[in-house]
Amino acid sequence: KLLQARLSAYMAANFETFPAIQAAILAEGWTLVLMLRLSPVLPDSVMNYALSLTAISLPLYALCTGLALLPWSLMYLYLGSASSDIVATLSGDTKKHD
């Protein structure tokens with residue numbers, strides 16, 4: 001909140017699409033944040049900075065971020081647990097590992 005008003009004014013003055021993004025966040029904030037978080041297009045650091053300039057509340061932002069991180073976490077958990085089976089298969093080891 002320290003520089004949010006000044007940076008938002010700068011963005012609105014210099015980038016034509018920023019007011020439309022602000023309006024979309026106000027209208028459908030949670031769905032937009034959730035979809036942005038699920039999309040691998042933007043790096044998290046850029047997305048954090050961009051979303052900090054919008055009017056979305058911190059609790060809503062945190063909730064949407066947490067929900068969007070769940071599928072990625074589950075995927076990495078599965079890949080980590082399956083990695084020993086994948087390595088064993090690729091190396092030709094056919095013994096059952098527990």
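1. Among contacts in the protein between residues at least 6 apart in sequence, what percentage join residues at least 24 apart? The figure is 65%, and like every value in this note it is computed from a model that is predicted. With that caution in mind, the points below go from the whole chain to single residues.

2. The secondary structure of the protein consists of four helices and zero strands, and, read from the N terminus on, the order of the elements is α-α-α-α. The protein is more spread out than a compact globule, because its radius of gyration is 20 Å, well over the 13 Å that the globule rule gives for 98 residues. The C-alpha trace, followed along its principal axes, spans about 65 × 25 × 25 Å.

3. As for the surface, 20% of the 98 residues of the protein count as buried. The accessible surface comes to about 7400 Å², and carbon and sulfur atoms account for 70% of that area.

4. The charged side chains of the protein number 5 positive and 6 negative, and the centres of these two sets are 9 Å apart. Side chains of opposite charge can pair when their charged atoms come close. A search of the whole structure finds one salt bridge, and the pair in question is R37 with D44, whose closest N and O atoms are 3.2 Å apart.

5. Helix 2, which covers residues 18-38, includes G29. Is G29 buried or exposed? With a relative accessibility of 9%, G29 counts as buried. Once its neighbours within four places in sequence are left aside, G29 is in contact with A24 and I56. A further relation across the chain is that of G29 to C64, which is 35 residues away in sequence, with a separation of 9.4 Å between the two C-alpha atoms.

6. F18 is also found in helix 2, and this residue is buried, its relative accessible area being 6%. Which residues does F18 touch, not counting those up to four places away in sequence? They are S8, M11, A12 and L53. For S8, which stands ten residues from F18 along the chain, the C-alpha atoms of the pair are separated by 8.5 Å.

7. Helix 4, which is made up of residues 58-91, contains M75. The relative accessible area of M75 is 35%, so this residue is partly exposed, a class that lies between the limits of 20% and 50%. M75 and L34 are 41 residues apart along the chain, and their C-alpha atoms are separated by 17 Å.

8. To draw the points together for a reader new to this structure: the predicted model shows four helices without strands, a chain more spread out than a compact globule, and one salt bridge, found in a search of the whole structure.

Note on methods. Residues are numbered from 1 along each chain as its sequence is written. This is a predicted model: local features need pLDDT of at least 70, side-chain atom pairs count only at pLDDT 80 or more; totals for chains, interfaces and linings use all residues. Side-chain values use heavy atoms; hydrogens and water are left out. Helices (H or I, at least four residues) and strands (E, at least two) are DSSP runs, numbered from the N terminus. The radius of gyration is taken over C-alpha atoms; the globule rule is 2.2 Å times the number of residues to the power 0.38. Buried means under 20% relative accessible area, exposed over 50%, partly exposed in between (1.4 Å probe, protein chains only). Contact means heavy atoms within 4.5 Å. Accessible areas come from the Shrake-Rupley method with a 1.4 Å probe; for residues, only the protein chains shown count as cover. Lys and Arg count as positive and Asp and Glu as negative; His and the chain ends are not counted. The place of a charge is taken as NZ of Lys, CZ of Arg, CG of Asp or CD of Glu. A salt bridge is a side-chain nitrogen of Lys or Arg within 4 Å of a carboxyl oxygen of Asp or Glu.
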